[in-house]
Amino acid sequence: MNTKMITETLQTPVTGSYDVIVVGGGPAGCCAAIAAARNGAQTLIVERVGYLGGMLTGGMVGSSGIYTVSPTSLAYYASVREQLRTDPDRVQLIKGIPREIMRRLISSGGGLGYFGEVPAYVCVHVPSLMKLLLDMMEEAGVAVLFYAQGVQPIMDGDVVRGVIIQGKGGREALEAKVVVDATGDGDVAAAAGAEFEFGRPQDNEAINMTLMFTMGNIDMERYFEAEVTGQATWPPVSREEHFADMRAGHSYWFGTSSGLSERPEVPEHIRAELDNFTWSTNHSRGHIFACNSPIPDELYINVTEVFKKSGTSSWEISEAITIAYKEIELLAEMYKAAVPGFENAYIRQIAPLMGIRETRRITGDYIVTGDDVKQYRKFEDAIAGSGHPIDTSEDNKGRFDKLDPGAWFEVPYRSLLVKGREGILTAGRCISCDHEALGSIRPTATCMALGEAAGTAAAMAVSQQLTPRQLDGRQVAEKSGWDTSELTEAMIGQAEDDDSVMLQRES
Ligand SMILES: Cc1cc2nc3c(=O)[nH]c(=O)nc-3n(C[C@H](O)[C@H](O)[C@H](O)COP(=O)(O)OP(=O)(O)OC[C@H]3O[C@@H](n4cnc5c(N)ncnc54)[C@H](O)[C@@H]3O)c2cc1C
């Protein structure tokens with residue numbers, strides 16, 4: 001392609017100097033900043049929008065998970081729930097700062113858990129979480145800079161020495177001893193010339209995007225009675241438990257029947273128009289997949305799907321948003337017409353951020369692979385892990401490969417070190433892993449644990465006057481929140497093949 005180019009000559013004022021700068025205030029970045037500051041580093045977090053939480057707040061993903069070891073199978077998950085009441089450390093894989101955030105959120109009423117504990121998923125009230133994260137920055141002494149996009153690293157050979165931001169006042173250079181790239185997209189590392197991969201290996205197609213929305217004024221009892229059949233939930237609970245959870249205000253995810261758009265009550269023009277938006281097998285127009293919220297008549301609906309758009313192109317994100325808005329309008333009309341309990345429901349909110357699941361994965365000193373996930377591989381320098389299914393999309397279809405009950409795999413510290421670059425760590429969904437492994441790593445609990453480890457390592461590097469690569473990964477592991485010592489053994493080979501869990505997309 002012949003692209004016309006212009007040359008810019010820029011002079012950028014240096015306006016600040018910090019021990020650690022975290023770029024990106026999503027789940028990973030927030031935990032990185034809190035961890036760095038708590039470990040004594042003078043820390044700044046830089047965020048391009050005006051709130052913290054990334055996809056978990058602005059993307060309205062609805063729930064934060066998963067905190068437990070793999071909860072697959074009805075029988076096993078029943079025992080996990082029992083343990084959550086008696087001895088949560090034995091089943092909670094993700095502890096440390098992520099669990100602390102969620103416990104605080106639940107106890108303040110801003111999140112739904114399970115008898116006050118952090119279960120597989122915590123369903124969140126977005127404004128409460130935004131406020132809590134900001135409070136926690138203040139408590140830890142983290143400086144916060146909103147409306148500032150990290151655009152370039154400050155480079156000294158292969159070493160990152162800070163970041164140039166573009167804010168409302170123009171460009172500023174901010175120096176740092178260590179930069180944590182928690183942008184989700186690896187913006188800073190990529191601009192530093194780091195290698196990266198994008199999407200699946202054969203054609204670089206990334207997991208699909210989803211624009212989340214909430215509907216309010218739903219008659220939940222009527223809806224459940226009419227629509228939720230059998231064991232239509234993830235993680236698996238029986239229908240009776242599901243009703244009990246709903247009434248007790250516990251968090252839950254569920255999917256309801258397929259083929260909604262074929263119901264006779266759906267006006268023909270809606271059915272016809274929805275056909276234009278259905279890239280995957282009858283998914284988006286076919287069912288409701290949702291989680292609850294601390295607001296009792298409300299659901300977070302995770303159904304729209306936009307495939308084959310790049311989350312690192314503003315043009316393509318704009319196209320995706322435009323498509324998804326139209327899809328949401330039609331879906332809401334369809335639910336109102338055809339789903340009992342939705343007769344008087346309305347769209348309460350559409351996520352301000354497009355839901356982007358996958359962009360750059362920055363190549364590190366170690367690349368976590370799908371094989372590591374499936375082999376439940378453990379590492380000496382493990383700093384995080386996950387028991388989440390491999391949740392990707394392939395050829396316009398969801399893929400949701402569950403791990404055995406009680407299983408988990410680990411992520412080594414080396415996956416946060418950027419190959420060929422110093423002074424920089426990655427955290428969150430842009431860490432070094434392949435497309436398949438990302439399907440299990442990308443849920444927020446794991447991203448937060450990765451953030452905590454990156455922030456801890458950054459502060460250790462500053463205080464020990466070492467580079468992040470010179471640190472002993474095992475010491476980082478010890479200082480961060482990663483601790484599997486009390487977990488019960490995995491039940492390898494005992495996954496239940498339960499067809500009634502019909503979900504294609506969970507996170
Ligand atoms: C539709 C959808 C549903 C999902 N459902 C679930 C679920 O139910 N449970 C779950 O646990 N996970 C879910 N996920 C996955 C999860 O939300 C993400 O993988 C996770 O939020 C990644 O965290 P992160 O901090 O790495 O990145 P992000 O959440 O993407 O946060 C990145 C932050 O960096 C900021 N940023 C980006 N670039 C720059 C820059 N250059 N300069 C400054 N700031 C920048 C962004 O504004 C954002 O705040 C879902 C994801 C999607 C899209």
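Reply: The account below begins with how to read the model, then turns to the ligand and the strands.

This is a predicted model, in which local features need a pLDDT of at least 70 and side-chain atom pairs count only at pLDDT 80 or more, while totals for chains, interfaces and linings use all residues. Residues are numbered from 1 along each chain as its sequence is written, and side-chain values use heavy atoms, with hydrogens and water left out. The predictor's confidence in each residue, from 0 to 100, is what pLDDT stands for; its mean over the protein chain is 92, with 93% of the residues at 70 or more.

The ligand has 37 residues around it, and those that come nearest are Glu 47, Arg 48, Asp 187, Arg 442 and Thr 444; a residue counts as near when one of its heavy atoms lies within 4 Å of the molecule. Sorted by class, this shell holds 17 polar, 13 nonpolar and 7 charged residues, where Ala, Val, Leu, Ile, Met, Phe, Trp, Tyr, Cys and Pro count as nonpolar, Asp, Glu, Lys and Arg as charged, and the others, Gly among them, as polar. At least two shell residues come from each of helix H1 (27–38), strand E3 (63–65), strand E7 (148–156) and helix H12 (444–464); helices (H or I, at least four residues) and strands (E, at least two) are DSSP runs, numbered from the N terminus.

For Met 55, a backbone N or O atom and an oxygen atom of the ligand are 3.0 Å apart. The ligand taken alone exposes 990 Å², and 99% of that is buried by the protein, with accessible areas computed by the Shrake-Rupley method with a 1.4 Å probe (for residues, only the protein chains shown count as cover).

In general, most peptide bonds are trans, and most residues other than glycine have a negative phi.

E3 takes part in an open, antiparallel sheet of 3 strands in the order E3-E5-E4, where two strands pair if DSSP finds at least two bridges between them. Because E3 and strand E4 (111–112) stand at the edges with a single partner strand each, one side of each has no neighbour in the sheet. E3 is joined to strand E5 (residues 121–124) by 3 bridges, and Ser 63 has Cys 123 as its bridge partner in E5. In the loop between E4 and E5 lies Phe 115, whose phi is near 50°, a positive value in a residue other than glycine.

E7, which also contributes to the shell, runs antiparallel to strand E8 (residues 159–167) over 8 bridges, and Gly 150 stands opposite Ile 165 in E8. Their hairpin has 2 residues between the strands, and there Gly 157 takes a positive phi near 65°. E8 in turn is antiparallel to strand E9 (residues 170–181), with 6 bridges, and these two form a hairpin as well, again with 2 residues between them; Gln 166 has Arg 171 as its bridge partner in E9.

How values were computed
A polar contact is a pair of N or O atoms within 3.5 Å; within protein, one must be able to donate a hydrogen and the other to accept it, and residues adjacent in sequence count only if both atoms are side-chain atoms.
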